Amino acid sequence: MDKIIVEGGHPLNGSIEIAGAKNACLTLMPAALLTDEPLTLTNVPRLSDIATMTQLLESLGSEVASLKDGQVVTIATENITSDTADYEIVRKMRASNLVLGPMLARNGKAILSLPGGCAIGARPMDIHLSGLEAMGAVMDLRDGYIHADAPNGLHGAEFELHFPSVGATENLMMAATLASGVTVLKNAAKEPEIVDLATCLRAMGADISGDGTEIITITGVARLHGATHRVVCDRIELGTYMIAPVIAGGSVELLGGRRELLEAFCEKLEQAGAVIEDTDAGLRVTRREGRIQPVDIKTEVHPGFPTDLQAQMMALLAFADGSSVLEETIFENRFMHAPELLRMGAQIDVQGGTATVSGVTELKGARVMATDLRASVSLILAGLAASGETTVARVYHLDRGYEQLVRKLSACGAVIRREAD
Ligand code: UD1
């Protein structure tokens with residue numbers, strides 16, 4: 001297992017290219033199962049989660065070809081040759097559950113191991129399953145696998161999600177593209193990745209409207225065809241690297257970044273101590289003079305503050321001139337980075353879903369452990385500003401969501417290296 005070693009105290013100056021969105025890609029790739037023609041995705045990030053989804057799709061009968069060092073991926077599924085998304089692949093990544101809707105819609109049958117993924121909460125699948133049931137699927141749970149059948153095909157339905165789950169909205173949207181009749185999803189997720197999926201599905205011939213709002217209407221069509229689609233920019237990678245010059249000092253341009261993907265986050269970052277400017281190529285973030293200011297944060301569904309940036313923001317607020325209250329409302333167990341930050345000298349009190357961060361003037365480098373994807377990168381950010389060396393173990397979490405992190409940060413002046421443990 002590799003580790004990353006960061007020497008703190010070096011300001012960052014330069015530019016970082018933001019990759020295509022991991023979370024968008026993980027739903028766009030299964031969308032290829034909806035057609036027997038090739039789907040080509042460009043701006044694909046080079047991440048282990050993408051390799052896992054590739055492996056899953058290949059196990060179902062897809063042929064996946066990569067070009068341009070993995071940034072262009074073509075998926076062709078003439079026939080789905082297996083009904084089963086196997087435990088050995090699915091346990092590695094929760095987003096594997098996004099093959100369920102497309103498989104069911106195309107073949108009338110799917111067997112899915114209940115997914116694993118980041119250990120940040122219970123993460124049930126009840127909304128995915130009840131939505132598909134409303135569309136005519138019959139579900140049975142046996143041996144840890146969901147057996148879903150729709151022998152006569154899926155039909156359109158009006159379905160209200162009890163929570164605007166991103167994954168459930170994606171699964172149901174994909175399933176509805178080939179269902180007979182009209183599906184109306186109420187209380188749907190509004191994340192930019194949903195809009196990106198709908199854009200791709202429309203390019204494949206689907207009839208979808210309302211994406212980006214809480215009511216999405218899908219009129220089923222007889223078949224979808226191939227298409228080429230450019231993956232939207234990764235707003236979580238963007239937000240993470242926007243924090244980097246604020247925590248370490250300096251000024252960094254984020255190439256491809258767009259403020260409207262992260263409005264609520266940008267407001268909080270500005271309050272904490274960032275100057276954010278639009279540039280021709282993206283966004284520039286510069287640290288203001290003086291101490292970081294405390295900011296209260298509550299994670300919410302889009303367009304609120306994203307849960308996937310809460311850990312990184314906590315690392316920043318650990319240095320604030322005062323106390324910040326961070327409330328996590330999306331996942332119940334998402335403060336696993338707090339005990340690791342404490343080992344570096346942060347002052348954080350976690351009570352249930354609320355963390356109170358009392359800022360300190362200095363964090364000290366330490367050996368810390370990555371526990372999930374976003375927690376891991378928060379420790380890297382803390383290490384950029386801590387005194388001495390911070391060693392982050394279990395780097396495989398980072399490889400799931402941050403391509404070439406060491407290269408991107410080094411190019412801006414960070415002193416950071418990766419070593420085999
Ligand atoms: C996606 C993102 C993840 C992000 C999350 C919230 C991908 C691959 N992952 O995850 O990075 O943190 O959105 O923005 O896109 N829930 C239920 N029942 C369900 C489904 C979800 O109760 O059937 C609950 C979950 O337990 C959780 C909340 O809804 O508390 C949000 O989950 P959801 O929006 O589904 O997240 P994911 O799609 O898994």
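This is a predicted model: local features need pLDDT of at least 70, side-chain atom pairs count only at pLDDT 80 or more; totals for chains, interfaces and linings use all residues.
Trainee: How far apart do the C-alpha centres of domain 1 and domain 2 lie?

Mentor: The domain bounds come from an automatic or database domain assignment. Domain 1 comprises 2-19 + 233-420, and domain 2 comprises 22-223. The separation of their C-alpha centres is 30 Å.

Trainee: What is the order of the strands in the open sheet of four strands?

Mentor: Strands (E, at least two residues) and helices (H or I, at least four) are DSSP runs, numbered from the N terminus. Two strands pair if DSSP finds at least two bridges between them. Strand 2 (12-17) and strand 16 (274-278) each have a single partner strand, so they stand at the edges. With mixed pairing, the order is 2-15-17-16.

Trainee: Which residue of strand 15 is the bridge partner of glutamate 17?

Mentor: Strand 2 runs parallel to strand 15 (residues 250-255), and six bridges join the two. In strand 15, the partner of glutamate 17 is leucine 255.

Trainee: What angle does the direction of helix 8 make with that of strand 17?

Mentor: Helix 8 packs on the sheet and touches strand 2, strand 15, strand 16 and strand 17 (282-287). Axes are lines fitted to C-alpha atoms, for helices over the stretch in contact, and angles run from 0 to 180 degrees between N-to-C directions. For helix 8 and strand 17, the angle is about 25°.

Trainee: Is leucine 34 buried or exposed?

Mentor: Leucine 34 is found in the loop between helix 1 (22-31) and strand 3 (39-42). Leaving aside neighbours within four places in sequence, its contacts include Pro102, Met174, Leu201 and Leu224. Buried means under 20% relative accessible area, exposed over 50%, and partly exposed in between (1.4 Å probe, protein chains only). Because its relative accessibility is 2%, leucine 34 counts as buried.

Trainee: Which kind of aromatic pair do tyrosine 241 and tyrosine 402 form?

Mentor: Rings of Phe, Tyr and Trp (its six-membered ring) pair if their centres lie within 6.5 Å; planes under 30 degrees apart count as stacked, over 60 as edge-to-face and the rest as tilted. By this rule there are two aromatic pairs. For tyrosine 241 and tyrosine 402, the centres are 6.4 Å apart and the planes make 80°, and the pair is edge-to-face.

Trainee: Which kind of aromatic pair do phenylalanine 265 and phenylalanine 305 form?

Mentor: Phenylalanine 265 belongs to helix 9 (residues 263-272), whereas phenylalanine 305 is in the loop between strand 18 (297-298) and helix 10 (310-317). Phenylalanine 265 is buried at 0% relative accessibility, and phenylalanine 305 is buried at 3%. With centres 5.8 Å apart and 50° between the planes, the pair is tilted.

How values were computed: Residues are numbered from 1 along each chain as its sequence is written. Side-chain values use heavy atoms; hydrogens and water are left out. Contact means heavy atoms within 4.5 Å.
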